[in-house]
Amino acid sequence: MRQVYLDHSATTPMRKEVLESMLPFLSEAYGNASSVHRWGREARIAVEEAREKIAELIGASANEIYFTSGGTESDNIAILGTAKAKENKGKHIITSSIEHHAVLDSCIELEKRGFEITYVPVDSDGIVNPEDVRKALREDTILVTIMLANNEVGTIQPIKEIAEITKEAGVALHTDAVQAAGSLKLDVNDLGVDMLTISAHKFYGPKGIGILYVKRGPRPKPLVYGGNQEKKVRPGTESVANIVGMAKALELAVLEMDEVNERLTKLRNMLIEGVESSIPDVILNGHREKRLPNNANISFLFIEGESLILSLDALGVAVSSGSACTSGSLDPSHVLMNMGMDHQQAHGSLRMTLGRGTSEEDIEYVLEKLPNIVDRLRAMSPLYNKVKE
Ligand SMILES: *Cc1c(COP(=O)(O)O)cnc(C)c1O
């Protein structure tokens, strides 16, 4: 049976070149980068070369790159660490209503600690209006955190416009660029952000490694304490192999970006248009153009996304509904609900995210199987039968 992985927003397979770049640091080159001897120096050189490469790829300086354990930790440091550093200046933070849980739950934690959070709304495509950010700014606002591209519907936010507003107000701007890294050109100066989060396993790198970019100037306070690594913003022995692998993965992703995006956009459109022309009562979620090249999020009315996932899984096709983190819970996705959808549409949503390995045959296979699955599930749906009577 054909195996089709269409869940690249959850994670991506590590590239062979990435694994190869890591292997020496998982075997003979096992030094601790803080040690003074040859083993240590070898590890230190690898870490600092990776830092320089990553900095160059996102238009930053090496001393603005902090290695963390991934997207979740970088988001937490950016938000909780900035709150700790600036709580004497103010206790107000602005974010959007469609952020990843790493951001939302950090904000909810701060609410418990006496901070006030403004959740700016999004339109029906899932896009923030920069003017809403301007209106939400207050004297005591210490941070704005808005994602660059959404992990469920793939919509891309106007971060540059938001950055102009925060700059004018003198408020720090953080962006969760985890979904954008590897798909969109990332230049921290062009974007105008003060902090930016990326995670290697979303661009064919290893899991458990990410960066937080922090523009030179005031730094967030650490959330954990230990050694002097990462200028104490994130102490702990460097994960040398993961760091080396992440740099390699980002280098390759940037190198091949245009070519991969062109191919994936075609395949993605073939998938969306194929579904729209062969299955009635479907709705594309998110903006048709301002979305990641690999993202198709479609609601199939009158059925549950979860049943679609299971039926497709039985045919070798991996997709998701909502985000990987909310799958398994019965709550409809907060992203779709905050885009103004009703429960029905939100529950019937399916996220299909393509990747480097996706072929035209894969998409044809899905388009061949989906109509029957949807028919079968709808035939069992009391709601569907009632509406169609
Ligand atoms: C995956 C993801 C994260 C979490 O990153 P991890 O490295 O898995 O902790 C954060 N934000 C977004 C938008 C993501 O897609």
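Which residues are buried in helix 3? In this predicted model, local features require a pLDDT of at least 70 and side-chain atom pairs count only at pLDDT 80 or more, while totals for chains, interfaces and linings use all residues. Residues are numbered from 1 along each chain as its sequence is written, and side-chain values use heavy atoms, with hydrogens and water left out.

Helices (H or I, at least four residues) and strands (E, at least two) are DSSP runs numbered from the N terminus. The buried residues of helix 3 are Gly 71, Glu 73, Ser 74, Asp 75, Ile 77, Ala 78, Ile 79, Leu 80, Gly 81, Thr 82, Ala 83 and Lys 86. Here, buried means under 20% relative accessible area, exposed over 50%, and partly exposed in between (1.4 Å probe, protein chains only). Helix 3 is thus mostly covered, with 12 of its 16 residues buried. Lys 86 belongs to this helix, which comprises residues 71-86. Although buried, Lys 86 has no salt bridge, and the nearest side chain of opposite charge, that of Asp 194, is 7.4 Å away. For such assignments, Lys and Arg count as positive and Asp and Glu as negative, whereas His and the chain ends are not counted.

A salt bridge is defined as a side-chain nitrogen of Lys or Arg within 4 Å of a carboxyl oxygen of Asp or Glu. The whole structure contains 26 salt bridges. One of them joins the side chains of Arg 15 and Glu 256, at 3.0 Å from N to O. This pair links distant parts of the chain, since Arg 15 lies in the loop between strand 1 (4-5) and helix 1 (16-26) and Glu 256 in helix 8, 241 residues apart. Arg 15 is buried, at 6% relative accessible area, whereas Glu 256 is partly exposed, at 21%.

A salt bridge also connects Glu 238 and Arg 44, whose closest N and O atoms are 3.0 Å apart. Because Glu 238 lies in the loop between strand 8 and helix 8 and Arg 44 in helix 2 (residues 38-57), the pair ties together parts that are 194 residues apart in sequence. Both residues belong to a network of salt bridges that links Arg 44, Glu 48, Arg 51, Glu 230 and Glu 238.

Within helix 4 (residues 101-112), Lys 112 and Glu 109 are 3 residues apart, about one turn of the helix. Their side chains meet in a salt bridge of 4.0 Å, N to O. Lys 112 is exposed, with a relative accessible area of 66%.
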